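Dear colleague,

Please find the structure below for your files. My notes on it follow.

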Amino acid sequence: MSTAGRILAMGGGGFSAGNVGLDDYLLEMTGAGRPRVCFVPTASGDADGYIERFLVALGERAECSVLQLFARQIDDLRAHLLSQHVIYVGGGNTANMLAVWRLHGVDEVLREAWRAGVILCGPSAGGNCWFEGCSTDSFGLALSSLNDGLGLLPGSFCPHYDGEPLRQPTYRAAVAAGELPPGFAADDGVGLLFAGRELREIVSERTGATAYRVEPGAEVALTARLLVGS
């Protein structure tokens, strides 16, 4: 598999949910003994507790750093992000995250990192952001459509497909109505690995969890490989 343009879009899971399967998969993918992993918790407002959970979960296995934009401590964002093996984007408010990224120029650096072979990943908002559009609760309690993603991957994305009861019907309705382009949905604990703009593998850290291809009037369950130890 080419090392350029790899993205692991996660419906949920990893250390955010107290699991290790997807994180183990990511670290192994780097091929490095102690990979450099930068956590970007913008969607949570750089929540201290979220940062601490990341450091506890990965600190013994990776050279960890955190890019905070609300109390910014890294001057040269480009140099820092391009030096990583993995850029791990946390969950939270997708719309707010994208707006803050654009103010700081993070969106353009992420595009460059993707082309340079840095692995991009994340659950929920950290999965939404790579696509053209997504299903999100960024604007209130109700789910709505957002067509303002980075567009590294074509189509749309819906996380938490089996974890929140309204995700499936609202995403299917949005795609059917043309509010969102056709795309992929992922259950909690499921990751979709893209190489370039092509889907290469679906992995799951939960038995029975999977991903779906959603088009107007059609939803097709895809086959996920259960990760060892999950």
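Leaving aside neighbours within four places in sequence, Thr136 is in contact (heavy atoms within 4.5 Å) with Thr94, Ala142, Leu143, Ser144, Leu146 and Arg167. Thr136 lies in strand β6 (residues 131–136); strands (E, at least two residues) and helices (H or I, at least four) are DSSP runs, numbered from the N terminus. Thr136 counts as buried because its relative accessibility is 2%, the limit being under 20% relative accessible area with a 1.4 Å probe, protein chains only. The side chains of Thr136 and Ser138 are joined by a polar contact of 2.6 Å, that is, a pair of N or O atoms within 3.5 Å, one able to donate a hydrogen and the other to accept it.

The model is predicted: local features need pLDDT of at least 70 and side-chain atom pairs pLDDT 80 or more, whereas totals for chains, interfaces and linings use all residues. Residues are numbered from 1 along each chain as its sequence is written, and side-chain values use heavy atoms, without hydrogens and water.

Strand β4 (residues 86–89) directs Val86 and Tyr88 one way and Ile87 and Val89 the other, and all are buried. Strand β2 (residues 36–40) runs parallel to β4, joined by 4 bridges; strands pair if DSSP finds at least two bridges between them. Val37 stands opposite Val86. β4 also pairs in the parallel sense with strand β5 (residues 119–123), over 3 bridges, and there Cys121 is the bridge partner of Tyr88.

Yours sincerely

Definitions and conventions. Buried < 20%, exposed > 50% of the residue type's maximum accessible area, 1.4 Å probe, protein only.
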